[in-house]
Amino acid sequence: MADTAQTTNQTDRTDLPQRSAVRSLLRLWPFIRPVRARLGVAACVAVLASCISLVIPLVLKWLVDGPVAARDPGGAWLGGAFLLLLGLAEALLFGLRRWLVARPLAGVEATMRETLYRHLQRLPVAFHDRWPSGQLLSRGTTDLQLLRMFFAFPLMFLLVNGVTILVGAVILLVQRWSLGLVLLAPVLPLMVLCSVFEAKYGRAARRAQDQVGDLTTVVEESVLGIRIIKGFGRHRSQARAFRELTRALRSTELGKARLLAWIWGCMTALPELAIGGALVCGAVQVADGELSAGTLVAFLSTALALRWPVDSIGFLLAMSNEAAAATDRYFEVMDEPAVEESGPPTPAVRIPPRTAGAPTATAGAGAGAATDQGLVFSGVAFRYPDAPPDSPPLLRDITLHIRPGETMALVGATGSGKTTLTALVPRLYDPTAGRISLDGRDLATISRDEARAMVAVAFEEPTLFSATAAENVLMGGAASRPGGADAQDDELRRALAVAQADGFVAALPEGSATQVGEQGLSLSGGQRQRLALARAVVGRPRFLILDDPLSALDVHTEALVEAALRQVLSTTTALVVAHRPSTVLLADRVALLSGGRIAAVGTHHELLRDNPEYAALMSGEGEGAR
Ligand SMILES: Nc1ncnc2c1ncn2[C@@H]1O[C@H](COP(=O)(O)OP(=O)(O)O)[C@@H](O)[C@H]1O
Ligand SMILES: [Mg+2]
């Protein structure tokens with residue numbers, strides 16, 4: 001846990017060749033499309049407002065050269081009133097723009113977040129094994145905020161300011177082209193500076209966002225692991241690791257600030273110099289009588305009106321680059337291929353789990369062949385996608401037949417791959433070779449959705465969600481099951497009774513409607529395990545997979561749960577990972593997993609007598625840390 005360096009991993013992609021920011025940002029178009037009309041109108045409104053600000057200097061020119069020169073107070077009042085009107089119109093239009101974009105952009109952000117979340121749910125377990133959760137969290141939160149800001153400001157203002165600068169330049173050149181050229185002199189060097197800045201800033205922005213992701217991972221781990229950190233007195237080392245990450249982030253952010261200060265300085269100083277130069281030249285020309293004072297005033301006010309559009313470009317480019325980095329990070333996740341949950345051949349009619357005995361062999365293969373019924377592994381091999389390429393597969397040749405209605409215990413040393421084997425049945429992973437079949441149907445041809453409706457699991461680590469106890473249990477099957485609230489209540493009661501959870505659930509402050517909190521941390525380990533067990537049995541699954549379901553129970557509760565489990569197991573085909581003889585005794589037969597294959601199958605007593613490895617495991621010699 002203290003080793004936080006591992007979180008700076010392959011998701012830190014700053015070394016990848018930089019893609020152009022524009023190309024990254026163009027990928028956002030599908031999300032913008034639905035609101036394009038509103039954004040377009042808003043952009044037009046903004047351009048209009050901006051152009052009004054350019055009309056003001058022309059009115060000034062008319063005022064100075066007309067009424068002011070002629071000492072005509074009536075004309076001056078008229079000019080003043082007109083200027084006031086223009087100012088008001090500009091303010092109103094800017095307000096209108098904000099109103100136009102606020103709601104649609106919040107919608108875009110929400111859609112993008114929803115899309116990401118839906119995709120995360122559909123990504124294979126192997127993806128989640130590989131990616132730190134903080135990286136995913138930060139992509140779904142801070143990166144999307146950056147994108148909404150981008151739509152609201154840089155996207156619009158790069159366009160608006162560009163148009164304003166063009167129109168302004170034309171006005172300047174028309175009024176006095178020689179002075180106009182003096183003002184436009186810095187344009188070329190500024191463009192070069194901007195492109196240099198953009199490349200550097202884009203890389204820095206990407207690094208900063210990746211570091212935020214790493215930081216989020218550490219925070220998340222520390223919050224979830226707070227008991228371990230405190231228990232082992234590791235808060236200091238944890239704090240140190242955190243400080244290192246924040247320092248790294250801080251120095252990246254300072255680097256960004258330096259870059260921004262530098263470009264902002266150039267963007268302000270160069271035009272300012274040009275304005276100074278134009279002022280001197282213009283004053284000389286007015287003195288020589290070549291130029292009217294009104295034209296010089298108008299010229300300089302136009303130049304000043306263009307200052308903000310020019311100054312802001314550095315800052316808008318910075319935000320655009322941050323948005324481009326955020327877009328890349330977003331699509332790195334979105335581009336990962338999802339597994340098709342309801343994918344390959346799904347029969348039109350879902351087979352209800354209870355009619356197990358009925359003609360189920362719709363897949364055709366071996367219909368009626370009793371040897372195919374039940375849960376069959378034939379020549380199954382599996383290796384984790386991220387295992388070293390030269391290592392042997394974890395599961396090499398698993399061949400095992402669990403007959404319909406039978407309960408098979410799975411015994412093996414720690415790390416032998418028992419949990420991995422159980423994960424293959426609900427298709428959390430797919431075998432690299434071989435075949436698994438459920439009642440004669442090849443698992444690979446059953447959609448994941450359907451496979452999971454047929455198979456229920458309770459894992460070693462009983463994960464609960466921030467929801468009520470009842471919701472946590474009912475998620476095990478209620479969704480796929482018709483029936484009203486009453487039917488659900490009955491199911492819930494039955495499942496809780498089977499898992500011997502009814503007693504303690506009833507004693508909770510609000511019974512089964514009590515919130516059990518994040519990870520169910522308000523419950524004891526045994527209580528969590530019993531809720532997870534209730535979740536597994538609530539859907540009356542045809543196949544039940546239990547990964548050491550009784551490990552956290554005290555002896556008394558264990559005996560109670562065993563008695564109840566015996567009933568459940570008699571109605572399903574089950575595979576139960578077991579460590580203790582008492583759990584093994586629930587099973588009809590036992591399979592010993594060793595060296596990536598099923599080394600022996602038999603009753604507990606047969607194996608105890610004939611298989612020294614099994615005898616050693618059961619006597620407790622093989623029981624290390626689980
Ligand atoms: N998600 C994973 N990615 C890569 N390797 C894994 C993963 N999960 C487990 N392993 C490795 O597979 C081996 C077997 O793990 P597991 O199936 O949990 O064993 P068991 O449940 O029998 O104790 C272990 O050596 C473990 O390091
Ligand atoms: Mg295990």
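Student: Which residues make the nonpolar surface patch of about 310 Å²?
Tutor: The model is predicted. The patch of about 310 Å² is made by Phe82, Leu85 and Leu88.

Student: How far apart are the end C-alpha atoms of residues 76–96?
Tutor: An unreviewed UniProt entry lists residues 76–96 under "transmembrane region". In the model the span is 100% helix and 0% strand. Its end C-alpha atoms lie apart by 30 Å.

Student: Is helix H6 largely enclosed or largely open?
Tutor: Helix H6 covers residues 133–140. Buried means under 20% relative accessible area. Among the buried residues of H6 are Gln135, Leu136 and Arg139. Because 6 of its 8 residues are buried, H6 is largely enclosed.

Student: Which helices do the buried residues of H6 pack against?
Tutor: The buried set includes Gly134, Ser138 and Gly140. The buried residues of H6 pack against H4, H5 (125–130), H7 (142–152), H10 (187–224) and H14 (307–334).

Student: How many aromatic pairs are there, counting ring centres within 6.5 Å?
Tutor: The cut-off is on ring centres, which must lie within 6.5 Å. By this rule the count is 11.

Student: Are the rings of Phe94 and Phe157 stacked or edge-to-face?
Tutor: Their centres are 6.5 Å apart. Planes under 30 degrees apart count as stacked, over 60 as edge-to-face. The planes of Phe94 and Phe157 are at 5°, so the pair is stacked.

Student: What sequence separation does the Phe94 and Phe157 pair tie together?
Tutor: Phe94 lies in helix H4 and Phe157 in helix H8, residues 154–175. Phe94 is partly exposed at 28% relative accessible area, whereas Phe157 is buried at 12%. The pair therefore ties together parts whose separation in sequence is 63 residues.

Student: What angle lies between the planes of Tyr384 and Tyr429?
Tutor: The ring centres are 5.3 Å apart. The pair is edge-to-face, and the angle between the planes is 90°.

Terms used
Residues are numbered from 1 along each chain as its sequence is written. Chains are lettered from A and ligands numbered from 1 in the order in which they are written. This is a predicted model: local features need pLDDT of at least 70, side-chain atom pairs count only at pLDDT 80 or more; totals for chains, interfaces and linings use all residues. Side-chain values use heavy atoms; hydrogens and water are left out. Patches are made of residues with over 30% relative accessible area and no salt bridge: like charges are joined within 9 Å, nonpolar side chains (Val, Leu, Ile, Met, Phe, Trp, Tyr) within 5 Å. Accessible areas come from the Shrake-Rupley method with a 1.4 Å probe; for residues, only the protein chains shown count as cover. A salt bridge is a side-chain nitrogen of Lys or Arg within 4 Å of a carboxyl oxygen of Asp or Glu. UniProt positions are given in the numbering used here, feature names are shortened, and annotations may be inferred rather than shown by experiment. Helices (H or I, at least four residues) and strands (E, at least two) are DSSP runs, numbered from the N terminus. Buried means under 20% relative accessible area, exposed over 50%, partly exposed in between (1.4 Å probe, protein chains only). Contact means heavy atoms within 4.5 Å. Rings of Phe, Tyr and Trp (its six-membered ring) pair if their centres lie within 6.5 Å; planes under 30 degrees apart count as stacked, over 60 as edge-to-face and the rest as tilted.
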